[in-house]
Every structure is written in structure tokens, then in C-alpha cells.
Amino acid sequence: MSVPKLRQLATWGRLESHQREIAAIHLRQLFADEPDRGTRYSLEAAGVYLDYSKNRVTAKTLDLLVQLAEESGLRSRIDAMFSGEKINVTERRAVLHVALRAPRGQQIFVDGKDVVPGVHAVLEKMAAFAGQIRSGAWKGHTGKPIKNVVNIGIGGSDLGPVMAYEALRDYSQRSLTCRFVSNVDGSDVAEATRDLDPAETLFIVSSKTFTTIETLTNAHTARAWCVQALGDERAVARHFVAVSTNAAEVAKFGIDTANMFGFWDWVGGRYSVDSAIGLSLMIAVGPENFRQMLNGFHEMDEHFRTAPFARNLPVILGLLGVWYNNFFGAETLAVLPYDHYLGRLSAYLQQLDMESNGKQVDLAGNRVDYSTGPIVWGTPGTNGQHAYYQLIHQGTKLIPCDFIGFCQTLNPLGRHHDLLMANFFAQTEALAFGKTEADVRADGVPDFQVPHRIFAGNHPSNTLLLERLTPEALGRLVALYEHKVFVQGTIWQINSFDQWGVELGKVLAGRITPELESPGAPPPAHDSSTNALIRRYRRLKGGAG
């Protein structure tokens with residue numbers, strides 16, 4: 001389906017006019033005009049309740065945004081993704097992370113082949129291996145059972161597993177120590193292994209090509225650490241497994257290819273936590289909890305695929321983001337989970353969103369003349385309230401916020417959860433309605449303080465409320481944001497599934513590395529800044545002033 005350029009769509013112009021009409025209307029007025037607004041602007045599906053009433057929108061806004069989605073061909077794009085069409089146009093690949101959680105019996109074809117049986121074959125292999133580790137049946141080279149699991153990856157091969165492990169830590173087997181190494185900084189792998197017994201440690205090396213420089217550097221360091229301690233190269237086969245598609249390189253490393261867990265080129269790294277990339281997670285929480293997480297993913301997939309746009313959680317979230325990004329000039333999105341276990345969620349969503357939609361050209365390769373992906377940031381719980389909430393409340397920037405909370409805690413200790421959730425509800429109320437000068441003066445505040453204690457309000461937020469942080473709930477949340485990103489990429493007419501922007505730095509680093517490692521390297525041949533920095537590094541790297 002051919003779609004006109006975004007700003008040529010009829011609805012785009014109507015949205016620009018509409019924004020000028022309502023830009024000055026305060027949320028206080030919107031709530032006064034619609035007494036039932038709090039329930040009218042809400043949705044519930046797949047175990048997720050979304051209150052989007054505290055957004056600077058009216059019924060007309062939402063109608064226009066849904067029209068924009070329809071004019072943008074969102075329905076056909078959704079159908080194309082779920083049917084295995086190669087919508088990743090720059091790499092000529094299908095985009096089928098939804099197949100990773102498809103139930104047995106569902107059929108999804110790529111190049112004429114149903115991929116679902118292969119997905120379940122890998123899941124079964126993962127479950128069998130995880131069972132061996134968890135039960136102690138798998139023995140290391142010296143005959144000891146595995147007590148430590150270290151995942152070595154980078155990007156989606158790290159951010160997904162570590163986020164999900166932290167989120168589901170309450171469901172993990174506590175006799176296992178799970179750690180994650182990604183940074184090529186040697187301190188990362190050094191600290192991860194410092195207090196571990198090599199005889200009881202398993203490394204999972206996650207790299208599709210098994211050539212990723214950061215991952216392989218860390219893997220070879222871990223290999224040397226293991227072999228030196230155990231005194232036998234054959235130990236590698238019992239202490240290393242791979243998540244990869246490159247059997248030759250895996251075997252060359254010393255890993256038995258029987259212990260290689262595969263995946264497919266239609267799975268992007270940042271969409272892969274529910275594939276074999278999640279092997280460390282499955283070992284930690286067990287195959288059944290992993291399957292429950294997949295069920296949660298699939299629930300949200302089906303809701304996204306079938307629900308009308310006006311009642312579709314990812315679509316509404318995506319459209320609201322477009323509204324602020326493109327019509328109010330908002331540049332960031334704060335994701336604020338009020339649950340300690342979701343401490344890595346915002347970092348995970350940074351890659352999901354910013355690597356997907358941080359693009360400057362459209363699907364045809366033409367430079368866009370509108371803003372695309374937002375800067376995503378945030379931290380969990382009440383900690384942020386004592387850090388950057390000051391800027392959100394009283395600063396000069398418009399920062400839309402997603403608040404994520406749970407009605408039940410996994411650790412019911414005294415009044416902790418009620419206090420946490422009281423702050424959760426209070427923040428969205430304060431952001432929306434603020435505190436007027438009259439309110440401040442009524443509190444008896446001294447005149448000189450009055451301007452400093454006024455809260456303008458009118459700051460938009462979404463509230464996502466779930467019953468409890470379970471494996472299913474995590475799957476629903478992650479899938480919700482995956483599809484929200486897809487919606488926005490479709491509106492912006494960009495390819496959300498490539499990441500060419502990460503390549504240039506890698507290429508240049510490959511050229512610079514020999515200039516740093518070789519004592520006899522010729523003078524650096526870069527710009528004057530980079531040359532000066534390299535010369536200084538060479539002079540000081542040995543520690544001799």
C-alpha cells in the first residue's frame with residue numbers, strides 16, 4: 001500500500017490546526033468539562049489497565065489521531081508483520097518476534113516455511129538444558145554441579161535477559177547466582193567472575209554471528225580464566241554454551257555445537273529476550289515461568305493484532321507519543337516503574353525505542369522533515385522523586401511520562417506498598433493539576449516564596465496499572481512497548497527494524513584499535529582532535545606520566 005508523505009496526509013494538517021485550538025487548555029479545564037473523564041479515557045486489555053485521561057487531548061484529538069493511523073496504513077503494516085512479509089526493507093528480512101511466542105499449531109510462514117515448529121523445537125531444547133542445570137544433573141569438568149550462570153552478550157543479547165531476570169528475580173532459583181557481562185571494559189568481566197568458582201560456573205555466550213567484538217573479547221577472557229583454573233582445554237565444553245547461528249565459530253571456540261541454541265535472522269536483537277537469547281532467564285526462573293512469560297507476550301500480540309485502533313493499547317500509547325513528539329515538540333519520554341524489580345526496564349526500553357525509531361530517513365531513503373523517536377529515560381520507584389522530578393514539575397520542558405504500577409506487591413512488608421502506591425497516584429495528580437498561586441497563598445506561604453512554590457501542572461502522563469508483577473505481566477508489558485514502537489515507526493514511515501547508526505563507530509574503532517595496541521604503530525591519521533587524544537592515550541597508557 002502506497003502512502004503519501006506524512007506531512008501531506010490530510011489528517012496531519014487537521015492535527016496541526018487542532019493543536020493550536022487546544023494548546024492553551026489546561027487539564028484542570030478538561031477534567032471540569034468532562035466529570036467522567038477518568039473512566040472515559042481508559043482501556044483494559046490483556047491484564048493491563050491504561051488510564052490516559054491525564055493527557056492534553058479531547059475526543060476530537062483521539063479521533064484525528066486514529067484517522068492518522070488509518071491514513072498511514074497501520075492496519076496493512078500490522079497484517080504484513082504478522083504474516084511474515086519482509087517489512088525490514090533495508091535488510092530484506094521478515095520481522096517476526098511475534099512468532100517466538102506463538103502457540104503450537106499456529107502457522108506463520110517465512111519464504112513458504114512455517115517457522116513455529118522450529119521455535120518450539122528450540123524452546124524444548126532450552127527447557128531440557130535448563131532442567132539439567134537447575135537440578136544439578138549437568139556437571140562441570142571436575143564433576144561439580146553448576147551454581148553460577150554468566151550471560152555474555154551486548155545490546156539486546158544483554159539488556160533483554162538482565163532486565164527480565166531482575167524483573168522476575170522473585171521467581172528465580174536462589175541457589176543459582178546469575179550475572180550478566182556486556183561492557184568491553186575489562187572491569188565488567190573481572191567483577192562478574194571475581195568471587196566465582198570456575199568449577200561451578202557456566203558461561204552463555206550470546207552472539208548471532210559469533211563475531212561481535214565486545215562479546216567475543218569478554219568470552220575469550222572468561223575462557224582463559226576457566227581454562228587456567230581448571231587446567232584443561234576440554235573444560236570449555238562443560239562450562240560454555242552458545243546462543244548463535246555460526247556453528248563453525250562456535251566449534252572453533254571449543255563449544256560443543258550440540259550445546260548451541262539457535263535463532264533466526266527475522267529476530268532483531270532488541271526483540272529477542274523471548275528467544276534462545278533468554279536461556280539465562282529460563283535457567284534462573286525455570287521453563288514453566290518462561291512459558292508463562294511467552295503467554296503474556298502472545299496475549300498482547302493478539303490484542304494488538306485484532307483490537308480496533310480506538311480500543312488498542314499499543315496504538316493509543318503510540319499515537320499519544322506522536323501527538324507530543326510532533327505537535328507539542330516534546331523530545332523525551334520518561335518511563336517510571338513503581339516496582340523495584342523493574343529497575344532495568346527503562347534501560348531496556350531505551351534500546352527498544354531509540355535504536356528502532358532513531359532514524360532520519362523514511363522507508364524510501366528520503367530525509368524526513370519531522371521529528372522521529374524520542375529520548376527515553378527513567379528510574380524506578382520513589383527514587384526519581386528526590387532527583388529529577390523537580391525538573392518535570394517546575395522546569396521549562398514538556399516531558400510526557402508513563403507511570404507503571406502494580407496493585408499487589410511480591411513482598412508484603414508492613415505499609416511499604418501502600419506508601420509506594422500513594423506516591424504513584426500522587427505524582428500523576430500533581431503533574432496534571434499542579435498548585436495555583438491562590439492555593440499557595442491559602443497555605444500561608446510568605447510572599448517571597450510564592451512564585452517558587454507554584455506548580456503549573458498540565459504535564460501529561462499515562463498510568464499503566466497491573467494486578468501483580470508475574471511472568472505473564474512482564475510479557476504483556478514488553479510486548480505492549482514493542483508494538484507501541486512499531487505503531488510510531490509506521491506513522492513516521494521509517495524502518496524500525498534496522499540499526500545502521502551503530503555501524504560507523506564500530507568501523508572507526510576497528511581502525512583505531514591497532515593504533516592503540518601496537519607500540520610501533522605509525523602516527524594516527526585522523527582529525528586534529530582525535531589525533532591529539534590518541535597521542536595522549538599512548539603516552540599515558542603505561543602509567544608513566
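Which residue is the bridge partner of Val150 in β7? The partner turns out to be Phe203. The model is a predicted one, in which local features need pLDDT of at least 70 and side-chain atom pairs count only at pLDDT 80 or more, while totals for chains, interfaces and linings use all residues. Residues are numbered from 1 along each chain as its sequence is written, and side-chain values use heavy atoms, with hydrogens and water left out.

Val150 belongs to strand β5, which covers residues 148–152. Strands here are DSSP runs of E with at least two residues, helices are runs of H or I with at least four, and both are numbered from the N terminus. Five of the five residues of β5 are buried, where buried means under 20% relative accessible area, exposed means over 50% and partly exposed lies in between (1.4 Å probe, protein chains only). Asn148, Val150 and Ile152 point one way from the strand, Val149 and Asn151 point the other way, and all are buried.

To get from β5 to β6 the chain passes through α7, making a right-handed β-α-β crossover. Right-handed means that, with the strands pointing away from the viewer, the path from the first strand over the helix to the second runs clockwise.

Next come the open spaces. On a 1 Å grid over the protein atoms alone, a pocket is an open set of points with protein on both sides within 12 Å along at least five of seven lines, a cavity is a set where a 1.4 Å probe fits but cannot get out, and lining residues have an atom within 4 Å of a point. Grid points are joined across faces, edges and corners, and a volume is the space filled by probe spheres set on the points. The largest pocket has a volume of about 970 Å³. Its lining counts 36 residues, with Thr212, Gly269, Glu355, Gln499 and Lys506 nearest the centre. Helices α7 (156–167), α9 (213–230), α15 (345–357) and α20 (503–517) each supply at least two lining residues, and α9 gives the most, with three. By class, this lining holds twelve nonpolar, 15 polar and nine charged residues. Ala, Val, Leu, Ile, Met, Phe, Trp, Tyr, Cys and Pro count as nonpolar, Asp, Glu, Lys and Arg as charged, and the others, Gly among them, as polar.

The second largest pocket holds about 470 Å³ of space. It has 17 lining residues, and those nearest its centre are Asp339, His340, Thr409, His416 and Leu420. Seven of the lining residues are nonpolar, nine polar and one charged.

The largest takes up about 180 Å³ and is lined by 19 residues, with Leu320, Gly321, Tyr324, Leu333 and Pro400 nearest its centre. Two or more lining residues come from each of α14 (313–327), β10 (332–337), β12 (401–406), β13 (461–466) and α19 (471–491), and α14 has the largest share, with six. The lining divides into ten nonpolar, seven polar and two charged residues.

The second largest cavity has about 40 Å³ of space. Its lining includes Leu333, Val335, Leu349 and Tyr481, and β10, α15 and α19 each give two or more residues to it. The classes here are seven nonpolar, no polar and two charged.

What about disulfides? The count comes to zero, a disulfide being a pair of cysteine sulfur atoms within 2.5 Å. The sulfur of Cys178 is too far away for a bond, because the closest cysteine sulfur, in Cys226, is 17 Å off. Cys178 is buried at 11% relative accessible area, and Cys401 is buried too, at 2%.

Ala46, between β1 (42–45) and β2 (48–51), has a positive phi near 50° although it is not glycine, and it counts as buried at 17% relative accessibility. Asp111, in the loop between β3 (109–110) and β4 (113–114), likewise has a positive phi near 50°, but at 64% relative accessibility Asp111 counts as exposed.

Key
Pairing = 2+ DSSP bridges.
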